Amino acid sequence: MSVTRRQVLRYGAVGAAGAAATVLGGAALASAFSSRSDLAVVNHHEALAASVSQVAPELIPRRYARTLPTVPRLVPFATGVDGEGPFEKFQVRAQTFNTRILGGGLLTPQIGYNGLAPGPTIEIERGTRVELTVRNHLPATHPTFGHPMDIATHLHGSASLPQFDGYAADLTVPGFMKTYHYPDHQTARTIWYHDHAQHVTAENVYSGLNAHYHIHDEEERALLPQGEFDVALTVDDAQFAADGRLMFDHREDSGVWGDVILMNGAPWPVMRVEPRIYRFRLLNTCVSRSFRFRLSNGMPVTFVATDGGLMPRSRQALSWRHSPAERYEFLIDFRGFAGRRIELLNSSNDNNRDFDFTDKVMAFDVLPVPPTTTRPDGSPDPTWNTIPGDLSTGNAVMALDPADAVRERRFRVKRDDATNVWELGELSWFDIVDSGYQRVMADPGLGDTEIWEFEGGDGWFHPIHIHLVDFKVLTRNGVPVFDYEQGPKDTVYVGENETVRLLMNFGPHRGRYMVHCHNLSHEDHAMMTQYSVGLQPGDPDPNDPINAARPVPDADPSLA
């Protein structure tokens, strides 16, 4: 398959559309806090240049000049209890809007859920069924990049039925809407919803179509900080044209690396914190950039949860590598640092492209005030000064035994230089399309336990995401994995020339699900395939991911 064919599949008529005039401003912060680092900066890469953006250098935002935005929580429009239990109903609009990220009054057109980037956070209790209606209020073509604005919404980390999983070819066109059904029976975790439209996932997520989704349960609430001390973070990078629009230079399909680091949509922000323990839920939504995070004072962070929820035991690390789509929940202990500034820094990894200020991410200014030690109801809050050791003993994924695996499968992730296509195993997404979306890389039975091995031998790192299931990472190059990975995962960092072994049990649904690299440039250039659960060739498929639950015309496409 040629790249020319991909471009034919990907682009329709190219046009431009006006954007709504919503401006999300960032308040400047004049900080009197001291900035001190007790750990020397470690740089694995010499900066390529001062920047990749084409705006004047003085328009690039200053570090730590803006306050970290708090992303709003999405309010359900209906709640209740029926014969199947509690439910909540939500809706979001995919729409255009403008943001003020750069200086000089420049506006950046974006697309996002409810006019936000990142979009509003959904928070629910375990066992609460959710209906999420996504209304496509976008123009016919992207306001900056010109591709058709068809979307597909994936709740990344949810065990959803195939027709509600955001399958890449299950597209909702402008003027239509789709209602997704999420069972939310899984243990407490940080997951996220984002666009997954085939061939343009990178541009759409990069433009702002991404948001947090949190499942709570009693175990997690008792152990970890809640409310204002439970902080959702979304890290991203961006590059900008001279007029303030986003640039998208994917360097011959290898990836996109920006010179401006954003946290919750603000460039290099600062957060004011009390001298107590905070919980952070950190999601990387970059198209391609991985991070190697660390704190400027050399203090460790305490990891308490991975993609799929609580770890069996908390683990400490001085630094960690964090690929696109991975989520890590960790505690930072700010006690003893009143009046001090602590920075979250980035030492980077191989095959990133780094610039003058991509080594900085955000800062925490620790207030010289007494910490909050009670809950909103006045009861004592033990989490303000407690770092738990044991966390979860009931996670079925972490209890899996390799001896229970009924088979092992091996896949190599690589680039076919002859066709300029990234492949996962022996298939690319072009092969899936050509088969009428029927061909699969694997066909485990419902309830089967298997070991899947991914070999990354092409000199790139690949964050591999398997839809539907959580897995346990057994080994990396034959040795135990990093301490901070020792929890349930759905995305694994496959480093340059690394081989990882994963253990998983397939269920609870039958049907076809995608597997792909979450370097979204790689995914859009065909590094995506699919597997089936509990299906044999010719079997009827009541959960067909494209046809079982089609989008419908928007009941009110003019709704603002």
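Q: Is Glu329 buried or exposed?
A: Glu329 is buried. This is a predicted model, and in it the relative accessible area of Glu329 is 3%. The cut-off for buried is under 20%, so a residue at 3%, like Glu329, counts as buried.

Q: Where does Glu329 sit in the chain?
A: Glu329 belongs to strand E20, which covers residues 327-333.

Q: Which side chains make a polar contact with the side chain of Glu329?
A: Thr190 is one of them, at 2.8 Å. Arg279 makes such a contact too, also through its side chain, at 2.8 Å.

Q: And what does Glu329 touch, not counting residues up to four places away in sequence?
A: The list includes Arg189, Leu224, Phe280, Arg281, Thr302 and Val304. Thr190 and Arg279 are on the list as well.

Q: Back to E20. Which strands form the open sheet with it?
A: The sheet has seven strands, in the order E13-E12-E11-E15-E20-E17-E18, and its pairing is mixed.

Q: Which are the edge strands?
A: Strand E13 (266-267) and strand E18 (309-317) are the edges, each pairing on one side only.

Q: How many bridges join E12 to E13?
A: Two, and the strands run antiparallel; E12 covers residues 260-263. Met263 stands opposite Ala266 of E13.

Q: Ala266, then: buried or exposed?
A: Ala266 counts as buried, because its relative accessibility is 6% and the limit is under 20%.

Q: What does Ala266 touch, leaving out residues up to four places away in sequence?
A: Thr67, Pro69 and Ile261. Pro69 is 197 residues from Ala266 along the chain, yet their C-alpha atoms are separated by 6.9 Å.

Q: New topic. How many aromatic pairs are there?
A: The count is 34 aromatic pairs. One of them is Tyr182 with Tyr213, where the ring centres are 6.0 Å apart and the planes are at 90 degrees, so the pair is edge-to-face.

Q: Where are Tyr182 and Tyr213 in the chain?
A: Tyr182 is in strand E8 (residues 176-182) and Tyr213 is in strand E10 (residues 210-216). They are 31 residues apart, and the pair links distant parts of the chain. Both Tyr182 and Tyr213 are buried.

Q: What lies over the face of Trp268?
A: Arg63 does, at 5.0 Å from the ring centre.

Q: And which charged end sits over the ring of Trp257?
A: That of Arg353, 5.5 Å from the centre of the ring.

Terms used
Residues numbered from 1 in each chain as written. Predicted model: local features only at pLDDT ≥ 70, side-chain atom pairs only at ≥ 80, totals over all residues. Heavy atoms only, no water. Helix = DSSP H or I, 4+ residues; strand = E, 2+ residues; numbered from the N terminus. Buried < 20%, exposed > 50% of the residue type's maximum accessible area, 1.4 Å probe, protein only. Polar contact = N/O pair within 3.5 Å; in protein donor to acceptor, adjacent residues only side chain to side chain. Contact = heavy atoms within 4.5 Å. Phe/Tyr/Trp six-rings, centres within 6.5 Å; stacked < 30°, edge-to-face > 60°. Lys NZ or Arg CZ within 6 Å of the ring centre and 35° of its normal. Pairing = 2+ DSSP bridges.
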